[in-house]
Structures are given as structure tokens and as C-alpha cells.
Amino acid sequence: MLVLLAAIHAAAQDLEPNLKWGKPTQAELTMTTYAQDPDADAVELYRLTDVYYVFREDGFRVIYSTKRRLKVLKDDGKRVADQGISYRQTQGKTEREYVTGLKATAYNMENGRVVKTKMERSMVHEERLDKHYCLTKFSVPQVKVGTVIEYEYDIESDFFYDLHDWIGQGEIPVLYTQYKLSIPEWLKFNIEITGTEPMEQVADKATMSLGAEILPTDTYKVTGHHLSALKDDDYLWCADDYACKVTHELLGIYIPGSVHKSYTSTWEDIERMLQEDDEFGSRIRNSSPLKDEIAQAGIAGIEDVRQRSMAVFQLLRQRVRWNGEYAFWAKSGSKVLKEGTGSNADLNFLYINMLHDAGVKASPIVLRSRKLGRLPFSHASLKYLSTFVVGIHENDSTMSFIDCSTLDDGCLNVLPSHLLADKARVVNKTGAGGWINLLSAAKGREVTTVQATLGADGLLTGKRIRQCYYQDALATRKTWRTAKDSLELIHQMQESAGMTIQEYAIEGRHDNSPQVKETLRFTKQCDVTGGMIYMNPLVFSPQKNNPFTEATRRLPIEFPYAQHDQQNVSVTLPEGWVIEEMPKPIVLKSDGITVRILGAQSGRQLTMQYRISVDRTFFDATEYQDIKALFDQLVENCNNMIAIKKMP
């Protein structure tokens, strides 16, 4: 028995991929853990992706053929039975994609034999995600702990010039994955292969049939073994930035004797193309339908450029609303005004035109949302640009930024955090563009003042003033605007801080200013035990929990923006009571993060000051243990209690 157990354990440790479709091995069916990640609730045993071109009567098509085998190891891993395949079918367009050949099977060991359960068509459902994408959803039946799942499908695509990205890692570990790509030599792509774990790469030549003609092809094969799970951790902009992946962008089409067309190859090319495009560059040069209103309001006469820009912003706010969508291309300004709503691109173009009518120079700043990942490293890319914000030229050397998705909440130099790209490109109608780091202008700041009186019964009564600036002001306004019930929001504030709010007021909630001020009067009951009062000297803990709880971390830490918070506390103690021991001064430092907690007592007055500065936004995974240790100490010192006793 011991020998058998040892053999099974060794097999689990040395599990090799079995690529025979429909033939899961005994080792795969009986495995209970994945040796490289014992905590994994499921593992991808293999994924094979074969991408190749075919020639139909109307031209090239691309086939994406996928085969996957997964193993469920724990109850939570049963979620892998529910899968979705997204594909492009833009409403009103003839070019589209189709999902074909979808099959799925569950394999279970029952009484020593393998039981196969095939997925029925009734377990497949179609839904539209948006006007561009649809989703095929399916559920594999009879999935339990120990089940092996297999499924396969093809996507046939008309978009031969726009290949899907391939991402070899996901939320569960991968034993084996392989991506094969074959491209006719008439099509040239920029291909970028990146990742934080090693993969085998092979480039070669082959052929494909083009009617009676044989056409040479360029082939690529990328193979990964034992790839780690890629968790979408907190304080991470986009996990796919660090995944093993392959991205592609069309460089040119070169058909002998017929077509010879090059596409964008440098960022200057992209900038020039956008400037010349009727749907982009010409929009920058247009006047707005609100030109007369701007003139009648006297906005052009406002001397300060920032004030003039915000006056235009507020006029736009009166006429339209953001529809919740981010886009790159836009509708006409007159259509947006007629409908009264639009995407950020719709509103941003209209805003740029209005600024020009008011005598303010403005340009689009194109970028890729941080939620979607960074732009490619090795080549210029129009494909991966997802939206743009507005750059306002205050003078020849200074620029401010704004996005019209923040019509209700924002102000100059305050953007939604996912638009704070560290690499964005100015598209100037004069041709003098260039790179800009939007993150460098972003900052959050919060200043809290607490004045309270402690009673002999342990009841704290006082006032708290919380002032939020810049990014924090944007976040506070958004919280109030999106809350379903303001009373419920105040209730949550009470629960979180362990207080009772007696009065509450907020200033600047509906303004386009860089500040929001929150004032509340509160009571808070401290613990009273054995004739002692136990109180947090900061009254409201600025850091209750450590966001970094994992023992290790493979991926970097990425804060949303630089942050500076301060809390000043003054507590009047009850007559005849003293603090048994004052908290010691605390200074915590790591490269880019500084924390100070200082306290003093003068008579019955206790004063405390808390400051934290996060000046860096990116910390490598090698710095994780230092950051985790700093936050461990920070949480401990933010939640320590002092004992207050009555003098004899």
C-alpha cells in the first residue's frame, strides 16, 4: 500500500500533458491536487489553439480552433464548468464571426469505471454583450470534484486583418498550453510575444492552398509548461499585462501584381493618419453647434484659460449626459446634442470644438485604458488605442487634462483612474504631438480633522470634518451619485466607523471643483472595563486592514495614483482622568511610502497626528514583503488602544 501511494504521489508530481482528445488518462482522472500549486481549485491540463487562414469565394477568412481539458480539484473549481466564448457581430455590419463545432464532455470515475456525459444543445445559450460583441454561454453537465472537462470549438472570422490576442494564462494554473499561428505571406503583422514566465518559441515556413495555387506561409508556435495562475490581485491595473501572451497588428498587405498597402508602422504615422481621418482629425477642426451660446454667455471673454475651460465644461454639462460608455470614434456633435447623451468620445469631441469656439486650444490625447492593459512595447499600434481624453493647452508648455465621462463629478487634472495611462499620445491638429504621462499629474489628498470630548462613561461626542481633494473628491462625488439610497450610505458609514451620525452635511457634491467637504457630528461608545476606558487615540482608524494578505506575490503592486492623507485629532479627556501610557511616535518608511503617527498630551487635551504619503505608484514583486510588513505595522498602530483611568 505504501509503495502504491508513493507511486501515485510521484505520478501527480510528474504529471505530463496527454494531448489525445477524448482520452483523459488514469492519472488525470484520479489526481486530487496539482503539485505546482497545491491550493489550486482547478487546473487547465492543456489548451491547444490553432489559428490558420482559409480562402473562401469572397476572400480570406481566419479559423480559430480551440481544444481545452480542465480538471476540477475542489468545490470552488466547479465554476470552470460554466464557460463563455465572445465573438464579433457588429449590428448592421456584414463582416462578422461565427462559433461552430462546439462540443463538451465531462468525465467522471464511478465505481472504478469512466463515465462520459456529453453536453446537450439545451445547455448552450446566446446573448448580445453590446452592439459589437455576442457571447456563446455553455455549461458542462455532471461536473463535481474530480471531474475532467473537455470542450472544443472553432471561430470563423471575416476579420482576416485583425487577429485575436492569445493569452496563455488565466485564473487557474496551466499544465500545458500551445498556440500555433499560420499567416499567408501576403499579410505582414507585427507580432509581440511577452510574459513573465518562459515559453518556447519557434518560427518557420509552411504552405497553404489558394485554389490551385500554393501560397507560402509564416508560422509561429508558442508553448508554455506549468504556467502559474494569474490572479487579478488588488492594486493591479491589468493582470493581462503580465500574462504569457501573443499580440498581433497588421503591418501591410502585399499581393503580387494587385495590392501593395502599408499600414501604420510608427507613432508618427498613426498620429498623421488620425489627423487626416474624416472621423477623427476633421472632428478636431470643427466648430460646435453651441458656438452662438458660447458667444452669448461671454465665455470667450474670461481671461483665465482654466476658468474659461471650466465655463465651457459646465455649459456642456447643462446640455448632455454621459451614457456610461468609453469609445474612440464618435457621432456628430449635432446628433449628440439632439440625443442628449453620448459616450466619452462623443462628448470629448464636442467639448474640444466648444473650447476652440471659446478661443482655447485643445487636443485629443489617445490612450489605452489601464483596465485593458498597456500599449505594445515593440511597435506602434492603432488597434490597441481604446479612447482619448481632452488636453487643454494653457500655454506653450503647460497642459491640463479632463474627460467628459466626469461631467457630473470631475474637474481639471482629475480623470477616472483607469484613464491615468502612463503612456498617452497627443494628437495635435498642427502636427506637433508627442508622449505624455497622465499619471504624473494625478494625485489624491484627504485631510480629516476630529474634535471630540470623552465622557466618564466612555462616550465620545464630537465633530469630524473630512476634506477630499482631486482624485479623492471625484471618488466621493461618484459614491454619492451612484448610491441607490443616501440613508443607506450614511448607515454604512456608521457601521464602518462604529459611530452614530447625528448630523451630516456635504459641500461641493455637485460642483466641478477640486474639493469636497464632509462635516458630521457623531457619538462613539468606547469600551469601559474594570474602571478603565479603552479608546483608539486616532478615534477613527485610517487603516483598519492590510490589503496585502497573501504570503507571497508574483505580480507587482500598482497603486492607482499618488496619495497623501492626513488626520488631526483632538480629544478632551474627562475631568480627573489620565492616560496610563501615551503611544510612542511611529515612523514607517519604505522607498516611496512614508507614515508618521505622533501624539502629545497637555493637561486634559490629547492630540494625535497621522500622515501617510504614497509617492510611487509601481512596486516590483520583489518589494512585496517590505510593503506587506509596512502595512502590517501600519494597521497595528492605527488600531492600538490606549487605557484611560480615573486618578485616585
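Let me begin with a definition: a residue is called buried when its relative accessible area is under 20%, exposed when that value is over 50%, and partly exposed in between. The structure before you is a predicted model, and I shall discuss a few of its residues.

I begin with Q142. Its relative accessibility is 49%, so Q142 counts as partly exposed. Q142 is found in the loop that runs between β7 (133-139) and β8 (148-157). The backbone deserves attention here, as the phi of Q142 is near 55°, a positive value in a residue other than glycine. As background, most residues other than glycine have a negative phi.

A second residue with a positive phi is Y470, where the angle is near 55° and the residue is again not glycine. Y470 belongs to strand β24, which covers residues 459-470. With a relative accessible area of 27%, Y470 is partly exposed.

K20, K23, K103, K116 and K118 form a positive surface patch.

Finally, I come to D632. Which helix holds D632? D632 is placed in helix α11, residues 624-639. At 37% relative accessibility, D632 is partly exposed. The C-alpha atom of D632 is separated by 8.3 Å from that of N545, although the two residues are 87 residues apart along the chain.

How values were computed:
Residues are numbered from 1 along each chain as its sequence is written. This is a predicted model: local features need pLDDT of at least 70, side-chain atom pairs count only at pLDDT 80 or more; totals for chains, interfaces and linings use all residues. Side-chain values use heavy atoms; hydrogens and water are left out. Helices (H or I, at least four residues) and strands (E, at least two) are DSSP runs, numbered from the N terminus. Buried means under 20% relative accessible area, exposed over 50%, partly exposed in between (1.4 Å probe, protein chains only). Patches are made of residues with over 30% relative accessible area and no salt bridge: like charges are joined within 9 Å, nonpolar side chains (Val, Leu, Ile, Met, Phe, Trp, Tyr) within 5 Å. Accessible areas come from the Shrake-Rupley method with a 1.4 Å probe; for residues, only the protein chains shown count as cover. A salt bridge is a side-chain nitrogen of Lys or Arg within 4 Å of a carboxyl oxygen of Asp or Glu. Lys and Arg count as positive and Asp and Glu as negative; His and the chain ends are not counted. The place of a charge is taken as NZ of Lys, CZ of Arg, CG of Asp or CD of Glu.
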